[in-house]
Amino acid sequence: MDPAENVLADVASSAEDRDPRLGGLMAFHRRRKQDSRDRLLAAAIDRFCELGYFVVSIDDIASTAGVSRVTFYRHFSSKAALTAEVFRNAAETRRPLYRAIRDLPFQDRPAVLQWITDIFEADKADHRMLRIFIQATTEEGHFTQRAQALISDLIMDLGVTIPAFALDANEHKGRRRRQEAWLLLYEILDQSNHAALGTAFAPSSDVIDILADRFLQFVGTGPTPSAND
């Protein structure tokens, strides 16, 4: 947002108090502010996907969005802050897919297989965005904490209907089970990322089979590994 827009906002706010009919001016101002923010996010995704995270500058993003550098800094403190917002939006968009299993027969192997397959397919479709987040993580360490928080939130989401994920981290046994749940979900998402980026250690169908067995074992319906396994 340019300095003139700030003046317009102050004038509109004061005028709105005096005359409710002027509320439309303030609403227009808010829409314009949100529009410039959305254009910056869209421009960043476009430039990152085309050139990669490292070489894209703030000026590149602002120019593509059709706003000034000043406007960029009114919305985001840095390129990393903007990318964090992209990550948050992507995580929220993907959240219904991640927690879909809680509304499915989660003890049914075909249902679990399909759920994990859907995650793999979604990551494959968004492989360019995954590569951007990996690049950003090497430069901005806080992205790792954001990913870890995503998994912790997912445990709580699944715990709504799946008893195995309804865990009390304050209890000793619950803490251990929560760690197991965290590692299980991390492995599913991590292996999905590797498959999407072409760095998987085995064919996706084999990996999905193994992950489904581990999920079913965790929720109490799969085979328990023997001591000789």
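**Entry 1. Opening question**

Is the crossing of helix 6 and helix 10 left-handed or right-handed?

**Entry 2. Basis of the entries**

I note that this is a predicted model, in which local features need pLDDT of at least 70, side-chain atom pairs count only at pLDDT 80 or more, and totals for chains, interfaces and linings use all residues. Residues are numbered from 1 along each chain as its sequence is written, and side-chain values use heavy atoms, with hydrogens and water left out.

**Entry 3. Overall make-up**

I found ten helices and zero strands in the protein; these are DSSP runs numbered from the N terminus, helices being H or I of at least four residues and strands E of at least two. The order from the N terminus is α-α-α-α-α-α-α-α-α-α. Of the 229 residues, 37% count as buried, a class set at under 20% relative accessible area, with exposed at over 50% and partly exposed in between (1.4 Å probe, protein chains only). I then looked up contacts, meaning heavy atoms within 4.5 Å. Among those between residues at least 6 apart in sequence, 69% join residues at least 24 apart.

**Entry 4. Helix 6 against helix 10**

I read the crossing of helix 6 and helix 10 as right-handed; the term applies if the near helix is turned clockwise from the far one by less than a right angle, and left-handed if anticlockwise. The two helices pack at an angle of about 130°, with their axes 9 Å apart. Axes here are lines fitted to C-alpha atoms, for helices over the stretch in contact, and angles run from 0 to 180 degrees between N-to-C directions. Helix 6 is therefore oblique to helix 10, given that angles under 35 degrees count as roughly parallel, over 145 as roughly antiparallel, 65 to 115 as roughly perpendicular and the rest as oblique. On the helix 6 side, the residues in contact include Arg109, Trp115, Ile116 and Phe120; on the helix 10 side they include Ile208, Leu211, Ala212, Asp213 and Phe215.

**Entry 5. The nonpolar cores**

I next looked up nonpolar cores (sets of buried Ala, Val, Leu, Ile, Met, Phe, Trp, Tyr and Cys residues joined through side-chain atoms within 4.5 Å). In the largest, of 30 residues, Trp115, Ile116, Ile162, Phe165 and Phe215 touch the most other members. Helix 5, helix 6, helix 8, helix 9 (172-197) and helix 10 each give two or more residues to this core, and helix 10 has the largest share, seven residues. Leaving aside neighbours within four places in sequence, Ile116 is in contact with Ile188, Ile208, Leu211 and Ala212. Another core lies apart, with 22 residues, among them Leu41, Ala43, Val56 and Ala136.

**Entry 6. A salt-bridge network**

Which residues are linked with Glu92 in a network of salt bridges? I found Arg95, Arg99 and Asp157. Glu92 and Arg95 pair at 3.4 Å, N to O, both in helix 5 (residues 79-98) and three residues apart.

Key
Salt bridge = Lys/Arg side-chain N within 4 Å of Asp/Glu carboxyl O.
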